[in-house]
Amino acid sequence: MTVVMEAKGVRRYYEVKKGMLAKAATVRAVDGVSFTLEAGRTLAIVGESGCGKSSLARVLAMLEPPSDGELLIDGLPTLAPEADRRVALRRAVQMVFQNPYGSLNPRHTVGRILEEPLEINTDLSRDQRAEAARAILARVGLRPEAYGRYPHMFSGGQRQRIAIARALMLKPRVVIADEPVSALDISIQGQILNLLMDLQEELRLAYIFVSHDLGVVHHIADEVMVMYLGRPVEHGETGLLFDRPAHPYTRALLGSRPRIQTGANKIPRKTLSGELPSPLRPPPGCAFHQRCTFATELCKRDRPELRQVEGRAVACHHAETVLGGAD
Amino acid sequence: MPALLEIRGLTVEFTTSRGILRAVDRVDMDVAEGEVLGVVGESGSGKSVSMLALMGLLGSNAKLTADRLAFAGTDLLTLTPRQRRKLVGKDVAMIFQEPTTSLNPCFTVGFQIVEALKEHMGGTRKWRRDRAVELLNLVGIPDPGARLNAFPHQLSGGMNQRVMIAMAIACQPRLLIADEPTTALDVTIQAQILELLTRLQRQHNMAMVLITHDMAVVSETAQRVQVMYAGQLVETRSADDLFSRPRHPYTAALLSSLPEHAERRARLATIPGLVPGIGDRPVGCLFSPRCAHANDRCRAERPDLYRDPEGLARCFYPLDDSGRPEGVAA
């Protein structure tokens, strides 16, 4: 197994000005994330809006430097490398964004959108670039005529295919997909997920899959990291986490997802009360304790660190009780 | 039970630079007092437009025709705009997908709730204010008295959606139209909002039309479901029947394309092709180019809605209990 990406205690802080005279506050959008990702595997990052999953994605894609911690790609550090290696590093990680309407330049043809990364990062000739673009169009299931057309002439699903094609132009090792299917209709969503899985198998791509849709995550991910207020609260194999969640928050997320049910005895959803606390004023102790049914005095005081419990990492003082199954 | 809302042959056409687009094509809909009707379909299926038409919220490039459009026995087609406004917002209310953009950013949420009360209920200033506090409390907003003075940008998406619901139920409507009320919200907040809506619906015996593309939400909330495709109603029946034994191939295909219904990491079932656009409506059944069971008859003739024991399906060869088309040799 080849590790293609490794995060070691990655943090990303933002300064927020609260007024002309007030001292700037610090938002800890990502507060200590570590993982290793192997080629051909998918790590899903899930959580509510404001949990830091998109900030983390931007750091992993090297769009923003981490405030602290280290990001390694193919075992090499990404911070301040020599200029020539930086180019190679950037090619190794590519990103697919949520909104295929906003992430493609409306004034460029699809051909130009696809060739631009090659123009900047490689010394291929014009003909070679065009050839590569046409090859990738066929690979993502678009017709050759697409080459000369503009993004507005395509549907949402087709645009997301173009965005995926663009991400693949530089033959990356890791693709970071930030909610890649949440803007699409159900029937189209399946087509894009199938495409992503096929490409992964064929090219041994590693995916970081950021999503709030647990049904999609369950389907596509090998492992899942659940984030809450900038910190991972549980991280482990998908099947394990979905069948036996050890963190009360993971449990609440799974319990609140809608399920297709028929008949008279529908299981009511377990709803979680309250909302995500402000990241400007995170509560003391465990960040989740105000919404947690398992919380005790200990949780209000001490922040739990990630520890290994039954095959996964979990940050909860009461993980054993949660696994014990008591409601 | 007499229908609270009765729609027959509703058609909405838009004049565009590329010709006339029929966004809603002769749709029928009945909603009984206290009933929850789910309307599902993909983007462009006409599910939102048909409800906007009912509310009189369509732009000037839209042309609306209907055989009958009646609410509680009142014919909406013959009402003057002034009479219609008395009804809309009071007896029929609507909430939208994006709470943050549906509220006016220049006014406090208290002002916006009181405005609806003033228009339809009158009362003293103090009564309206008390009622607004009561409404915010009802939708589960903590510290409602203080929140009246908050502007929409000071509240989260979930809180804004609660404010929208408070506004919609301010005058105790008999019918609430909820257009993708939880799509923009997180799963945990989504569950809270749906719970709130169903609780209010039960308490006030309010009828609700829930428009969504989320099949799971519909299966949990609605008693009856209508499936729309390319502006047409293609299937309607009780939620239980629809989810356990869909008759229309489109409904069946939609259900089987959900990741929940597939093995993990297995290829998902998909519906090939796209919803037909303005210029490429097929001659026959609108779904025939994407249908796995279509034959020459489907491609040449448009099917009507045919009645079966449990509901209606717009298909010449509706699926039987095992999911195979009826009357076609295997």
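**Figure 1. Polar contacts and helices at the interface of chain B and chain A.** Across the interface of chain B and chain A in this predicted model, 20 residue pairs are in polar contact, both residues of each pair being at pLDDT 80 or more. On the side of chain B that touches chain A, at least two residues each come from helix 7 (157-169), helix 8 (187-203), helix 9 (215-221), helix 10 (239-244) and helix 11 (249-256) of chain B. Helix 8 of chain B gives the largest share of that side, eight residues. Sorted by class, the side of chain B that touches chain A holds 21 nonpolar, 13 polar and 11 charged residues.

**Figure 2. Extent of the interface of chain B and chain A.** The size of an interface is often given as the accessible area lost when the parts come together. Here chain B and chain A bury about 3,700 Å² between them, and 51% of that area is on carbon and sulfur atoms. In chain B, the residues that lose the most area to chain A are B:Glu220, B:Arg264 and B:Arg265; together these three account for 20% of what that side buries. In terms of contacts, 45 residues of chain B meet 42 residues of chain A.

Figure 3. Side chains of opposite charge can pair when their charged atoms come close. Between chain B and chain A the count is one salt bridge. A:Asp198 is in helix 6 of chain A, and B:Arg267 is in the loop between helix 11 and helix 12 (296-300) of chain B. A:Asp198 is partly exposed, at 29% relative accessibility, whereas B:Arg267 is exposed, with a relative accessible area of 51%.

**Figure 4. Helix 6 of chain A.** Helix 6 of chain A covers residues 186-203 and has 18 residues. From its first C-alpha to its last, helix 6 of chain A reaches 26 Å, close to the 26 Å expected at 1.5 Å a residue. Of its 18 residues, 14 are buried, and helix 6 of chain A is thus mostly covered. A:Arg204 follows helix 6 of chain A and has a positive phi, near 50°.

**Figure 5. A salt bridge between strands of chain A.** The side chains of A:Asp31 and A:Arg231 meet in a salt bridge, at 3.6 Å from N to O. A:Asp31 lies in strand 2 (residues 25-38) of chain A and A:Arg231 in strand 10 (residues 231-237) of chain A. The pair links distant parts of the chain, 200 residues apart. Both partners are buried: the relative accessible area is 5% for A:Asp31 and 19% for A:Arg231. Over all chains, a search of the whole structure finds 38 salt bridges.

**Figure 6. The pair B:Lys47 and B:Glu180.** B:Lys47 and B:Glu180 form a salt bridge, with their closest N and O atoms 4.0 Å apart. B:Lys47 lies in helix 1 (residues 47-55) of chain B and B:Glu180 in the loop between strand 8 (175-179) and helix 8 of chain B, so this pair ties together parts that are 133 residues apart in sequence. B:Lys47 is buried, with a relative accessible area of 7%, and B:Glu180 is buried, with a relative accessible area of 7%.

Figure 7. B:Thr251 is in helix 11 of chain B and is buried, with a relative accessible area of 0%. Its side chain makes a polar contact with the side chain of B:Glu235, at 2.6 Å. With neighbours within four places in sequence left aside, B:Thr251 is in contact with B:Val227, B:Glu235, B:Leu242 and B:Pro246. B:Glu235 also belongs to a network of salt bridges with B:Arg237, B:Arg247, B:Asp308, B:Glu310 and B:Asp321.

**Figure 8. Loop residues with positive phi.** Most residues other than glycine have a negative phi. A:Asp74 has a positive phi, near 55°, and lies in the loop between strand 4 (68-73) and strand 5 (76-77) of chain A. A:Asp74 is partly exposed, at 35% relative accessibility. In chain B, the phi of B:Ala72 is positive, near 50°, and B:Ala72 is placed in the loop between strand 5 (68-71) and strand 6 (74-75) of chain B. At 33% relative accessibility, B:Ala72 is partly exposed.

Note on methods
Residues are numbered from 1 along each chain as its sequence is written. Chains are lettered from A and ligands numbered from 1 in the order in which they are written. This is a predicted model: local features need pLDDT of at least 70, side-chain atom pairs count only at pLDDT 80 or more; totals for chains, interfaces and linings use all residues. Side-chain values use heavy atoms; hydrogens and water are left out. Contact means heavy atoms within 4.5 Å. Buried area is the accessible area (1.4 Å probe) that two parts lose on being put together, summed over both. A polar contact is a pair of N or O atoms within 3.5 Å; within protein, one must be able to donate a hydrogen and the other to accept it, and residues adjacent in sequence count only if both atoms are side-chain atoms. Helices (H or I, at least four residues) and strands (E, at least two) are DSSP runs, numbered from the N terminus. Ala, Val, Leu, Ile, Met, Phe, Trp, Tyr, Cys and Pro count as nonpolar, Asp, Glu, Lys and Arg as charged, and the others, Gly among them, as polar. The expected span of a helix is 1.5 Å times one less than its number of residues. Buried means under 20% relative accessible area, exposed over 50%, partly exposed in between (1.4 Å probe, protein chains only).
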